[in-house]
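Dear colleague,

Please find the structure below, together with its sequence. My notes on it follow, and I would be grateful if you could read them alongside the coordinates.

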Amino acid sequence: MPIRARLGLRRSAERTAGHREVTVERAEKRAAARRLAPALLAAHLLGAGLAMALLRHTAALPWLITWGAAVAVAAATLTRLLVARAEPEAPLPLASAGAAAAALALAWAVIPLHLAGAADPPVTHALDLLLATVMTASALTLATLPSAALVLVAGTAAATAAPFALTGRPVAAAIVVALALLLAAVIFSRARAVARIGAAESALREREATVQLLLRDFEEGADWLWQTDAARRIVGASERFARACGVAAAELEGTPLLQSLAGADWDSAAIPDELRLIADKMTRREPFSDVALPVTVRGETRWWQIAAAPRLDAAGRFAGFRGVVSDITEQRASAERINRMARFDALTGLPNRLSVNEELTRALSEAERWRARCAFMMIDLDRFKAVNDTLGHPVGDRLLRRVSERLAELVTENELIGRLGGDEFAVVVRDAGDPGRLERLAHTIIETLSRPYEVDQHTLYIGASVGVATGPRDGRTAETLIRSADLALYRSKDRGGGVYHAYVPQLHLEAEERRVIELALRRALDNDELHLAYQPVVDSRSGAVRGFEALLRWSHPELGDIPPAKFVPIAEEARLIAPIGEWVLRTACAEAAGWPDDVRVAVNVSPEQLHNPQFVGVITDTLARTGLPARRLELEVTESVFLREGTGAVKLLKQILDLGVGLSLDDFGTGYSSLGYLSATRFSSIKIDRSFVQAASRGTAEAIAIIRAVVAMAQSMGMATTAEGVETEAELRLARELGCGSIQGFYFGRPLPVTEARALAIAVRRPDATPAATRAA
């Protein structure tokens with residue numbers, strides 16, 4: 001039965017507190033009365049015997065015997081009422097006790113009223129003293145029955161004082177009355193004291209019973225009590241404690257406690273530090289608590305939690321220790337599982353971000369302490385998102401497990417590898433004193449993770465980019481060192497991925513610059529800071545203007561002119577390219593609507609825009625609002641738009657073509673060129689990157705062959721070709737010889753302000769207009 005059930009509910013006890021106090025008081029009064037009843041009877045019998053001895057010469061013997069018998073009967077009756085066996089909490093028989101006390105008082109009153117005058121003065125004085133003694137004895141022994149005691153004292157006092165008053169001795173009468181009043185005060189005081197003492201003793205007994213009950217339940221529960229003598233040997237070993245130790249109680253008795261806890265390790269040096277702590281505390285006779293100790297019982301390791309305090313004997317001398325043992329094996333295992341869940345990644349089993357941060361903090365502390373170096377590597381998987389987008393997250397999760405397995409094979413005792421989240425991993429290098437070894441590890445990670453993976457019958461190719469920061473040089477806290485490594489990783493990703501880059505302070509300045517630019521870029525549209533410039537695209541043979549490419553420009557009132565190569569990537573990362581690109585499209589189409597019908601306008605489109613299914617609606621709305629025919633609009637896209645497979649970009653390009661809008665593949669020949677792009681989408685033109693044009697003009701055979709192949713392929717597929725970045729006569733001549741139909745570059749004109757571009761476009765209408773090439777020259 002639970003302890004609370006045995007002891008009674010506390011609220012129920014509170015509701016019956018008043019009744020319980022009355023019950024306790026009655027029980028204690030009855031117990032006190034029973035204890036004092038024999039003394040009361042002895043006092044009256046002895047007093048009666050003395051009185052009979054004093055009056056043997058004054059009163060007749062039969063009378064004395066009769067009187068003595070009356071006193072004895074009355075005293076015996078009162079005593080019987082006091083010692084009668086009844087329920088302790090039952091009310092005392094006050095009425096019967098009062099009647100018996102009155103009868104006893106009446107019996108004693110006979111002496112002074114009828115016999116005192118006939119006695120000699122010495123006998124009379126002895127009788128008066130005897131009556132006073134009887135009154136006092138009655139007051140003390142009947143303290144728990146104040147009414148009966150008062151009746152007895154008052155009756156005896158009245159009978160004693162009356163003869164004094166009648167014989168002209170008022171002082172003696174007053175003394176008797178004063179004694180009676182004093183005894184009455186003593187009766188009331190004694191009654192209260194007896195009640196208090198009895199209640200305290202009852203409460204003490206109840207507490208002792210409660211403690212014993214608690215100890216029994218405690219001993220029957222999951223914990224065990226133990227105690228030792230002054231020599232730290234187990235005494236009074238319980239059966240449960242012995243079973244927990246795997247031995248019999250008799251065998252455990254007298255065994256040194258530390259030896260029992262150590263088990264087979266007692267004779268070896270492999271004693272746990274926790275046991276040494278217990279031994280030290282016991283040697284110094286100090287209490288200890290919550291000490292978790294591994295204990296081997298029957299070949300199984302259990303965890304016990306031990307607490308103890310010194311115990312003293314009756315003389316206050318040290319007698320040993322008394323304590324309790326709790327088996328916390330399951331709680332500890334549960335706590336370890338929770339701790340693992342909190343510190344290890346559920347998918348890969350690697351330490352998570354929390355564990356990595358803690359380990360990095362420790363590594364930095366050690367590096368500061370020993371004036372050494374540690375390092376932090378951030379690893380980001382290249383092209384991992386394409387796997388998730390095309391094959392789904394389950395395949396992506398399995399790929400992450402394979403990545404974690406490869407990383408785990410690379411670590412030594414000097415490194416800790418963890419997963420930060422997503423496709424980001426980290427390496428904490430505790431000792432990074434050798435920069436060459438650090439760089440080799442980074443290259444090894446990139447090479448290992450770039451090898452193909454076989455997952456669910458798919459051959460997957462991904463890569464890795466690594467950023468490294470060294471502490472405490474690049475950061476004295478885990479937070480700053482991680483930020484430095486992140487900046488280095490950003491530089492690696494910015495260079496195309498698959499490379500390793502170490503942190504340099506310049507990266508922090510660049511990051512701050514990007515932050516400032518991003519904040520300013522968010523307000524650029526509202527502040528009317530953006531504008532367009534238009535670069536002519538001319539016919540390679542005649543030099544006539546065929547169209548213009550709209551180029552975005554930004555003039556900030558404080559930062560000045562910011563080049564597109566700096567702010568466009570930031571706009572893409574900050575997801576600002578969509579509203580900016582929409583503004584460019586509307587502005588360029590509105591301007592081109594006023595140009596001649598045969599002059600086209602080309603607008604660059606970000607991959608982020610083409611991954612938005614609503615972009616076709618933006619184009620349709622723009623053409624409708626500006627009135628520009630779809631055939632005069634050409635959208636330029638780069639090959640990177642095809643890298644994110646499964647996003648619908650190819651389908652969206654087909655919808656754009658169905659509108660009648662032209663498509664141009666920009667910067668063809670760089671990066672990720674593939675003929676599959678050309679077969680998947682009907683491009684109207686291909687723009688050859690200026691790097692090939694410049695290399696071909698210098699006589700590079702490979703560049704010439706590439707341009708010639710691209711032109712031949714485009715012609716066979718009905719596509720036009722445009723050579724970008726033509727700046728010299730030699731480059732123009734080569735582009736013409738290789739068959740490029742259109743030319744764009746500084747040779748014919750730099751990007752023009754809108755007013756100059758408008759004038760040049762309108763000039764195309766005039767029959768006498770000279771070729772743009774002539775004007776540029």
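**Findings**

Helix α27, residues 701-716, comprises 16 residues and reaches 22 Å from its first C-alpha to its last, close to the 22 Å expected at 1.5 Å a residue. Please note that the model is predicted. Within α27, the buried residues include A703, I704, I707, V710, V711, M713 and A714. An α-helix has 3.6 residues a turn, so residues three or four places apart point the same way. After α27 comes G718, with a positive phi near 75°.

E415 is buried at 6% relative accessible area, whereas R437 is partly exposed at 32%.

K687 and E549 also meet through their side chains in a salt bridge, at 3.2 Å from N to O. Because K687 lies in strand β19 (residues 685-688) and E549 in strand β14 (residues 545-556), the pair ties together parts that are 138 residues apart in sequence. Both K687 and E549 are buried.

A further salt bridge links D539 and R546 (2.1 Å, N to O); D539 is buried at 12% relative accessibility, and R546 is partly exposed at 37%.

Zero disulfides were found in a search of the whole structure. Among the cysteines, C589 is buried at 0% relative accessibility, and C740 is buried at 2%.

Yours sincerely

Methods:
Residues are numbered from 1 along each chain as its sequence is written. This is a predicted model: local features need pLDDT of at least 70, side-chain atom pairs count only at pLDDT 80 or more; totals for chains, interfaces and linings use all residues. Side-chain values use heavy atoms; hydrogens and water are left out. Helices (H or I, at least four residues) and strands (E, at least two) are DSSP runs, numbered from the N terminus. The expected span of a helix is 1.5 Å times one less than its number of residues. Buried means under 20% relative accessible area, exposed over 50%, partly exposed in between (1.4 Å probe, protein chains only). A disulfide is a pair of cysteine sulfur atoms within 2.5 Å. A salt bridge is a side-chain nitrogen of Lys or Arg within 4 Å of a carboxyl oxygen of Asp or Glu.
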